[in-house]
Every structure is written in C-alpha cells, then in structure tokens.
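Subject: Handing over the structure

Dear colleague,

I am passing the structure below on to you, together with my notes on what was found in it. Please have it open beside the text as you read.

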Amino acid sequence: MMHSLFEIEHREDSVEALREELDGHIGAVASRLGASSRMLAESWFARHALLGPSSTNQDTHDLPFQRWYRFKEAFAPRAVVEAFSKLNCVPATCIDPFGGSGTTALTGQFLGVRPTTIEVNPFLADLIEAKLASYEPDELISSYRAVVDAAAARQVDMAQAMAEAPPTFIEPGVNGRWIFSAAVAERILAHRMAIDDLADTKHARMLRVLLGSTLITLSNVVISGKGRRYRRGWERRTVTPATVARLFEIAFLNAIEDVVRFGRRSCTDYTLLRGDARTALAEVEGADFSLFSPPYPNSFDYTDIYNVELWMLGYLRNSAENRTLRQSTLRSHVQIKRSYDATIRSPLLDDTLERLNAHRAELWDRDIPDMVCAYFEDLNAILAELQRIITPGGSVMMVVGDSRYAGVSIDVGAITVEIAAKLGFDLKELSQMRSMRSSAQQGGGYDLGETLVHLIRS
C-alpha cells in the first residue's frame with residue numbers, strides 16, 4: 001500500500017504556529033511569488049516544518065521529493081529557508097558546490113531562486129536532476145509502464161552484466177556471503193536495462209533513481225556508520241524476484257504524487273554540473289549566494305555508502321572507474337591512498353597539525369595529519385573560486401563539522417574562517433547548529449560541533 005504523507009493530520013494550533021514561522025522566513029521572497037506559487041511553496045515547506053526542528057540531519061525521508069531516495073545526511077528544507085531569510089536581499093541565483101540530495105537547489109526553485117549545483121557522484125547527480133526537472137505526468141506514466149512491460153520479458157546475461165563488479169554483489173558471492181540473490185539481481189538488472197532503453201533520457205533518469213531507492217531494501221545489507229554491514233539473520237531472509245517490481249511500483253507512485261502536487265514551482269530553470277567541485281567551479285560565471293555543506297574531515301569516504309547503487313545501476317563498470325570517482329572527492333578521508341600534498345597554512349591549522357603530528361604514532365592511520373591539511377587546502381580552492389563567482393557583498397554560507405583524532409580536536413569552522421579571511425571574505429556569523437557524536441575511540445559523546453559559517457564576499 002502506498003504511503004501518503006498527505007494523510008498526516010495537523011492540529012490547528014500547529015498549523016497556525018507554522019504559518020507565523022513561514023511568514024517570517026518566506027516573507028522576504030513573497031513579493032516574487034504569485035499567489036498560486038506561494039501557496040504551493042508554503043504547502044511544501046509545511047510538510048517539512050511540522051515534522052521536526054531545523055537541522056541538517058532531520059529525518060525527512062517520507063516527505064515530498066525526499067522520499068525518492070533515503071539520503072544519509074541532508075539539509076532539511078527549513079534550514080535552507082532560514083539561510084535565505086538571513087540575507088539582506090533576495091538572491092536571483094544560488095550555487096551549491098556539493099549538491100548531495102539536492103535540497104538547496106530544490107528549495108531555491110520553490111523560492112524563485114535559480115540554482116546551480118555541482119555533484120561528483122553520478123547517482124546523486126541524477127537524483128538531484130530528477131527532482132529539479134519538470135514532467136508531464138501522463139508521459140511519465142507511459143514510460144513507467146513501458147519499463148515494467150519490457151523488464152518482465154527481459155532475459156539477462158548475469159555474467160556479462162556484472163562481469164567486473166565486486167564478487168560479493170551476486171550470489172554465490174565470497175565465502176558464503178553475497179548482497180543480492182541471483183534471482184533478485186536478475187530482476188533488478190532487467191529493470192535497469194529496460195530503463196536504459198528508454199528514448200526519453202529525463203524519464204530514464206528519474207526511473208533509474210527510483211529503482212536505486214529500492215536496492216538496499218532488496219539486499220542483504222544495511223547502511224550503517226561508515227559503510228554497509230550485513231543484516232542480522234540475513235541468511236534466513238527471503239526476498240522474492242516479484243518484490244523488485246512491487247517496490248519499484250511503490251517508489252513510482254510516491255514520485256508521481258509529488259510531481260502532480262508540487263511539480264509547478266516559481267523557478268523551473270537550473271544548472272547541474274557533474275564532476276569534482278574543485279575543478280567544476282571554473283565553469284560557473286557568477287552567482288549572488290552560495291549555500292553548501294562539504295564532506296567533513298572524518299575519514300569517511302562518502303562514495304562507499306552508494307557502492308550498491310553505483311554498481312547495480314551501471315554507473316560503475318570496473319574498478320578503474322571506481323577509483324577515479326573516489327579520487328575526485330574532497331580529501332576528507334584516508335580510505336584510499338592518494339597524494340596529500342598541501343601548502344595551506346593558518347595559525348589555528350598550524351597548531352592543530354603540530355598537535356596531530358605529536359600523536360602520529362597513536363593514530364590508526366599515519367596519513368591523518370596530512371589528510372587534514374589537504375582537506376583545508378581543498379576547502380581553500382573552493383572558497384577561492386567562490387570569491388571570484390559571488391557578487392561583491394554577496395554571502396557564502398557553509399555548514400561544516402568538526403572531527404577528533406587521538407584526542408586532538410579539529411575546529412573546522414574556526415580554521416575555515418582564518419583561511420577565508422586571507423581570500424578576502426569577512427565573517428558575518430559563526431554559530432553552532434548541533435552537536436554530533438564522536439567515535440567510540442574518541443569517547444562516543446555528543447561533543448563535536450556542526451557549525452554554520454556565514455561569510456561576506458568583500
């Protein structure tokens with residue numbers, strides 16, 4: 001049965017309180033929206049605002065567009081609206097160099113702000129563009145039906161289709177462990193190939209994303225911590241091939257509901273750049289505002305989370321492509337070996353590196369001090385491009401997260417402020433948004449800060 005968020009009942013007092021909050025946050029852009037567009041934006045924001053506080057880590061998985069894929073860490077739309085409300089004037093354009101789930105760009109469209117987004121992960125780039133694009137529902141339904149019919153009749157050569165994928169993916173796997181049974185994998189691949197055959201690339205993109213949203217549920221693994229782990233009792237768990245089509249149908253019905261109810265926005269235009277933000281920003285000529293959250297320097301390779309989708313949906317075809325993608329990400333982790341050469345310096349960074357180097361023998365990876373330095377050099381490259389792109393007097397807001405290694409804290413917000421000052425940015429605001437839990441090795445308490453850095457381009 002399709003889950004519909006529109007069945008949620010709201011108390012009258014909650015709705016009234018929400019309306020007052022929305023009037024405050026959206027008031028700055030209200031004059032740019034027609035009556036119907038304003039009602040649409042308020043309705044979409046209301047679904048999010050009533051279900052939790054403003055945060056970058058709010059559980060919005062069952063809400064419009066967010067439910068297209070369960071993203072691990074995402075901006076809440078309320079956080080984006082509140083960021084816009086801090087500005088002195090309404091921007092015409094906004095850029096997000098780390099698109100992620102696309103919430104900044106999508107919220108911008110509802111507010112009449114044209115978004116430019118960069119995303120290096122090809123699956124997430126498709127997720128973003130699927131949300132930002134406009135559709136004719138009847139045509140989208142026809143494409144879905146064509147895929148379902150073609151998949152039902154499709155025969156898949158499993159050995160050829162997954163020839164260079166990791167051997168753990170398909171039964172019999174390695175040492176008695178596998179992610180998908182052979183029968184379920186065959187049905188997934190049949191749907192993928194039917195989607196690939198669609199002439200309409202926009203429809204194919206959305207349907208591929210929706211198929212991707214079913215994969216973890218169909219698999220023997222769950223996303224946990226810094227990667228994936230096998231489910232408890234997965235050996236006794238039964239997933240039938242028919243479940244593939246059923247979950248795909250549920251995902252599509254949810255998406256088509258969102259398209260029908262919220263497809264019209266004040267702005268329907270956008271730019272999506274696919275690739276490494278450190279180089280892709282060179283293609284951007286200008287913007288009024290930037291809002292983003294880069295990966296945190298926490299030894300976490302974010303591409304690992306999406307390995308299942310990347311391989312099963314055909315974004316990765318061999319190990320060389322996998323390595324190229326991982327090397328195109330910010331140097332925020334040490335899970336792959338690569339160059340950590342960096343020359344960036346600031347007083348607080350120098351002090352932090354000195355303390356990290358003093359504890360190098362205690363670190364679980366001796367490259368961590370070099371990685372931390374390289375991370376800030378990469379952030380410097382991003383900010384240097386934004387100094388060129390953002391109009392004078394325009395704002396750059398970034399949400400950054402602290403880390404700790406061998407008891408040495410990495411105050412990412414404060415170091416970023418020092419680096420930005422050398423590039424000509426003035427600090428407008430430095431405020432903590434929430435506390436994050438440190439690793440068990442570092443105490444396991446909620447003692448790491450997640451900080452909003454608001455800079456002004458001088």
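I begin with a helix pair, in which F123, D126, L127, E129 and A130 of α5 meet R205, M206, R208, V209 and G212 of α9, where contact means heavy atoms within 4.5 Å. By class, this contact of α5 with α9 has five nonpolar, one polar and four charged residues; here Ala, Val, Leu, Ile, Met, Phe, Trp, Tyr, Cys and Pro count as nonpolar, Asp, Glu, Lys and Arg as charged, and the others, Gly among them, as polar.

Before going further, please note that this is a predicted model, in which local features need pLDDT of at least 70 and side-chain atom pairs count only at pLDDT 80 or more, while totals for chains, interfaces and linings use all residues. Residues are numbered from 1 along each chain as its sequence is written, and side-chain values use heavy atoms, with hydrogens and water left out.

The pair α5 and α9 can also be described by its geometry. Helix α5 covers residues 122-132 and helix α9 residues 201-212, and the two pack at an angle of about 120° with their axes 9 Å apart; the axes are lines fitted to C-alpha atoms, for helices over the stretch in contact, and angles run from 0 to 180 degrees between N-to-C directions. The two helices are therefore oblique to each other, given that angles under 35 degrees count as roughly parallel, over 145 as roughly antiparallel, 65 to 115 as roughly perpendicular and the rest as oblique. The crossing of α5 and α9 is left-handed, a term used if the near helix is turned anticlockwise from the far one by less than a right angle, with right-handed used if clockwise.

A second pair is formed by helix α6 (residues 137-153) and helix α11 (residues 242-262), whose axes come within 11 Å and cross at roughly 170°. That makes α6 roughly antiparallel to α11. On the α6 side the contact is made by P137, L140, I141, Y144, V147 and V148, and on the α11 side by F248, E249, F252, I256, V259 and V260. These residues divide into 11 nonpolar, no polar and one charged.

As for the protein chain as a whole, there are 17 helices and 11 strands, where helices (H or I, at least four residues) and strands (E, at least two) are DSSP runs, numbered from the N terminus. Of its 458 residues, 56% are buried; buried means under 20% relative accessible area, exposed over 50%, and partly exposed in between (1.4 Å probe, protein chains only). Among contacts between residues at least 6 apart in sequence, 74% join residues at least 24 apart.

Helix α4 (residues 103-110) is mostly covered, with eight of its eight residues buried. Just after α4, G112 takes a positive phi of about 80°.

The loop between α7 and α8 holds several of the local features. W178 is found there, with α7 spanning 158-161 and α8 spanning 182-196, and, not counting residues up to four places away in sequence, W178 touches T168, F169, I170, E171, P172, G173, N220, Y230 and W234. P172 is in this loop as well, and a cis peptide bond joins E171 and P172, with omega about 15°. N175, also placed in the loop between α7 and α8, has a positive phi of about 55° although it is not a glycine, and N175 is exposed, with a relative accessible area of 79%.

S219 is found in the loop between α10 (215-218) and β3 (221-224), where S219 is buried, with a relative accessible area of 0%. Leaving aside neighbours within four places in sequence, S219 is in contact with I179, F180, R231 and R237.

N307 lies in helix α13 (residues 307-312) and counts as buried at 12% relative accessibility. Outside four places in sequence, N307 touches F169, R228, L316 and N322.

Finally, A406 lies in the loop between β8 (403-405) and β9 (408-410). Phi of A406 is near 50°, a positive value in a residue other than glycine, and A406 is partly exposed, with a relative accessible area of 22%.

With best wishes
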